[in-house]
Amino acid sequence: MHYQGDSWGFYMPMRSMGSDPMERVVKLASESAVVIFSVSSCCMCHAVKRLFCGMGVNPTVYELDQDPRGKEMERALMRLLGNSQSVPVVFIGGKLIGAMDQVMASHINGTLVPLLKEAGALWL
Amino acid sequence: MANHRVGETGLTDSGPSSHHHHHIPYAVLHGMNVPASFIHQEGSAFDFGELEEAIVLQGVKIRNDEAQAPLFTTGRPAATLEMFPSWPMRFQQIEIGSSKSGGESTDSGSAVNTLSSKTENQLEPESPVSKKASSSDHQAFDQKPMQQQLLEMASDISRTGTSQNQSAAKPPQEKRRGSTSEKQLDAKTLRRLAQNREAARKSRLRKKAYVQQLESSRIKLTQLEQDLQRARSEGLFLGGCAGAVGNISSGAATFDMEYARWLEDDQRHMLELRTGLQAQLSDSDLRTIVDSYISHYDEIFRLKGMAAKSDIFHLITGMWTTPAERCFLWMGGFRPSELIKMLISQLEPLTEQQVIGIYRLQHSSQQAEEALTQGHEQLQQSLIDTIAGGPVFDGMQQMAVALGKLANLEGFVRQADNLRQQTLHQLPRILTTRQAARCFLMIGEYYARLRALSSVWISRPRETLISDDHSCQTTTDLQMVQPSQNHFSNF
């Protein structure tokens, strides 16, 4: 698991990250096999992280409470999912999986593991 | 002999002959069920007293009505019965041999139909009049004083009647004798009869009133439930304290009620599954039953979701379940991987594909459970830190933070229920329809047994445990084996 903090913005100063936080979310999501948007104090986020680690996956985690534009992104994520909770939100292979609900459902009905393999996050 | 003829034909030609045979039991002429044997049994001890009453009463009434018009025709049995409104109830009871309520709410028309339909063929082994005594406890009447009274009167008349059976006719004599007792009978007997009728009517009215009360209470109850649902959806019970009854919050009480109803439905579904499997239904029919069982579980998860908003502690501590279930509680319900483990051994034979599918399901469930447990533990730790507070305890602030953290509990129970729901939905995808039906039946039965175990445990005798450590323990267990079998007999 590796964390991307607010230093991201420094490495790409010329790139227009867009005033649109949603754009940023999508951008970040497409850059790793497994992306989790989280808040450090959120226990459900902790649960979802533990789930992927328990499966042997190495997800990329963005702690939005440690990001200067985190608040906007949280709001964007809430709008995207229509949830009252902004986090956790999981992307696999750039594709939106959803919140904890959808991740668990996908794991139980057997679609999560193939997705992970497809995205190259799992080798078995 | 004229007697015998009338006795054997019963209803049929009672019209013109009635006047000459009024010393014969009128029950026969009126089409009531009196066996022919009774006519020959005058003088024998068998239920003669009861028969005498019948004769007396009939005789009294006939004499009263003789002046008016011949009423004893087959075409008008209703009029006859109406003379003794108290009697048809008893006869109806005997003929139908059914519930007591049938006796109380008399429809003289139906009584007539019953009697006229049965007199043709059947001869009751016992006189209906003799049954008056046996059925008296069913009625609101006080029979005994009347009977005793009648017996005294009857004995006079019967003696006259007996003698008259031998000679063809001594109507005037009988009339004279009859008139003396007739007056006495009129006064007391009729009053008694009227009192009995009154008592019966009153008890009928009371019953009606009670039933109406029950109905209105039922309507009120459903209205209250609806109000409760509406108010809850409007968030009035979020505080949990509003309208708390004793130690249980209203949200919890509502859920307990809904859960009790769900358990009743569960039994119904299990019966459906059981009979469906035994009847060897087609796959599509069985599939319908399986799907309805899944929807049944979807319903309880929906109800738990609502209850989680109003009283999360009630759910997560398992206060809505039985003690034995609570023992195995995980996040406010059953642990899916444990359930699958239980099922695996009983689902054989399985194809290789199915085995893989089931084990995969168990494995993913375990991983998900582990993840949720760890998240939950982190929440608990965070709460402990907040409540313990730092070196400076800022009460209100800390409380507010703690409250915020507690709110996350709802999310965990919801995710746990979600996991349970997904697991149940996944099972029929792996199994055949028949296997799935068996599987759900096993699940239902398993939890039913667990609940039964709880009640047996609670009701076990405890006194013997005090004296001896081990031997008494075993005795208690042995004693409890018998009653527990009853609990399992349904399964």
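The contact between the two chains draws 22 residues from chain B and 17 residues from chain A, contact here meaning heavy atoms within 4.5 Å. This is a predicted model, in which local features need pLDDT of at least 70, side-chain atom pairs count only at pLDDT 80 or more, and totals for chains, interfaces and linings use all residues. Residues are numbered from 1 along each chain as its sequence is written, chains are lettered from A and ligands numbered from 1 in the order in which they are written, and side-chain values use heavy atoms, with hydrogens and water left out.

About 1,700 Å² is buried between chain B and chain A, and carbon and sulfur atoms give 64% of that area. Buried area is the accessible area (1.4 Å probe) that two parts lose on being put together, summed over both. One salt bridge is found across the interface, a salt bridge being a side-chain nitrogen of Lys or Arg within 4 Å of a carboxyl oxygen of Asp or Glu. R414(B) pairs in this way with D101(A), with the closest N and O atoms 3.5 Å apart. On the side of chain B that touches chain A, α17 (352–388) and α19 (408–430) each supply at least two residues; helices are DSSP runs (H or I, at least four residues) and strands likewise (E, at least two), numbered from the N terminus. That side of chain B has seven nonpolar, 13 polar and two charged residues, where Ala, Val, Leu, Ile, Met, Phe, Trp, Tyr, Cys and Pro count as nonpolar, Asp, Glu, Lys and Arg as charged, and the others, Gly among them, as polar.

Helix α3 (residues 43–54) of chain A meets both of these helices. Its axis comes within 8 Å of that of α17(B), and the two cross at roughly 145 degrees; axes are lines fitted to C-alpha atoms, for helices over the stretch in contact, and angles run from 0 to 180 degrees between N-to-C directions. Residues of α3(A) in this contact include M44(A), R50(A) and L51(A), while those of α17(B) include A371(B), L372(B) and L379(B). By class, this contact has eight nonpolar, six polar and one charged residues. With α19(B), the axis of α3(A) comes within 10 Å and crosses at roughly 35 degrees. Here C43(A), M44(A) and A47(A) meet G411(B), F412(B) and Q415(B), giving four nonpolar, two polar and no charged residues.

Two backbone details complete the picture. A cis peptide bond, with omega about 0 degrees, joins V87(A) and P88(A), and P88(A) lies in the loop between α4 (70–81) and β4 (89–92) of chain A.
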